[in-house]
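Subject: Structure handover and what was found in it

Dear colleague,

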Amino acid sequence: MMARLGNPLVYDLLVVADLLAEQRGRRNLQKAAMRRAVSSAYYAVFHGLCFASTRALGLWRRDPALTEPVYRLLDHGQIRRRLATREAAEIGPIVVEISAAFAYLQDRRHQADYSPPSLNIHRDVTRNVVARAKQAVSDLESLDDDQCRRLAVLLITKARLA
């Protein structure tokens with residue numbers, strides 16, 4: 001089991017998401033905070049996948065010159081597409097859960113970040129988004145070393161042409 005990820009940014013983004021989801025005050029301030037909560041929740045999972053990949057490949061903290069390029073290889077759209085493949089599902093059912101959560105969170109983030117100010121956003125929905133991100137991080141932590149390595153290779157390599 002991977003256990004707790006070694007990158008505090010993942011957990012700090014979840015804390016920030018929780019704090020923003022509970023913002024009080026003017027309605028527009030609350031809406032802005034909830035939008036940012038959704039975005040922070042998504043980025044916690046994104047950074048969790050990036051970190052898990054660099055760690056699985058033995059690069060985290062060993063060689064910062066190699067860590068950053070691996071992080072930069074992981075494109076948001078590519079992660080979503082690769083997580084939705086048969087190869088990802090073959091890693092294990094927990095990867096299917098991570099894939100579904102990533103796609104859901106990415107859709108919610110796009111809605112929160114790019115919708116006009118009139119977007120109707122609710123605290124309960126925002127809390128559910130944050131909870132889904134926390135579950136995805138927990139799922140990522142539950143991967144064993146082999147699953148994590150297979151996931152890292154899947155996410156950073158180019159897809160084969162059919």
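A salt bridge, as the term is used here, is a side-chain nitrogen of Lys or Arg within 4 Å of a carboxyl oxygen of Asp or Glu. Please keep in mind that this is a predicted model, in which local features need pLDDT of at least 70 and side-chain atom pairs count only at pLDDT 80 or more, while totals for chains, interfaces and linings use all residues. Residues are numbered from 1 along each chain as its sequence is written, and side-chain values use heavy atoms, with hydrogens and water left out.

The structure holds nine salt bridges, and one of them joins the side chains of Asp107 and Arg80, at 2.7 Å from N to O. Because Asp107 lies in helix H6 and Arg80 in helix H4, this pair ties together parts that are 27 residues apart in sequence (helices are DSSP runs of H or I with at least four residues, numbered from the N terminus). Asp107 is partly exposed at 32% relative accessibility, and Arg80 is partly exposed at 28% (buried means under 20% relative accessible area, exposed over 50% and partly exposed in between, with a 1.4 Å probe and protein chains only).

Arg86 forms a salt bridge with Glu90, the closest N and O atoms being 2.7 Å apart, and these two residues are separated by about one helical turn because they are four residues apart in helix H5. The side chain of Arg86 also meets that of Glu87 in a salt bridge, at 3.6 Å from N to O.

Next comes the interior. Gln106, which has its place in helix H6, is buried, with a relative accessible area of 5%. Not counting residues up to four places away in sequence, Gln106 touches Tyr42, His76, Gly77 and Arg80 (contact means heavy atoms within 4.5 Å). Gly48, found in helix H2, is buried at 0% relative accessibility, and, leaving aside neighbours within four places in sequence, Gly48 is in contact with Leu5, Val10 and Leu140.

Finally, there is the meeting of two helices, where Tyr42, Tyr43, Phe46 and Leu49 in H2 meet His76, Ile79 and Leu83 in H4. By class, this contact has six nonpolar, one polar and no charged residues (Ala, Val, Leu, Ile, Met, Phe, Trp, Tyr, Cys and Pro count as nonpolar, Asp, Glu, Lys and Arg as charged, and the others, Gly among them, as polar).
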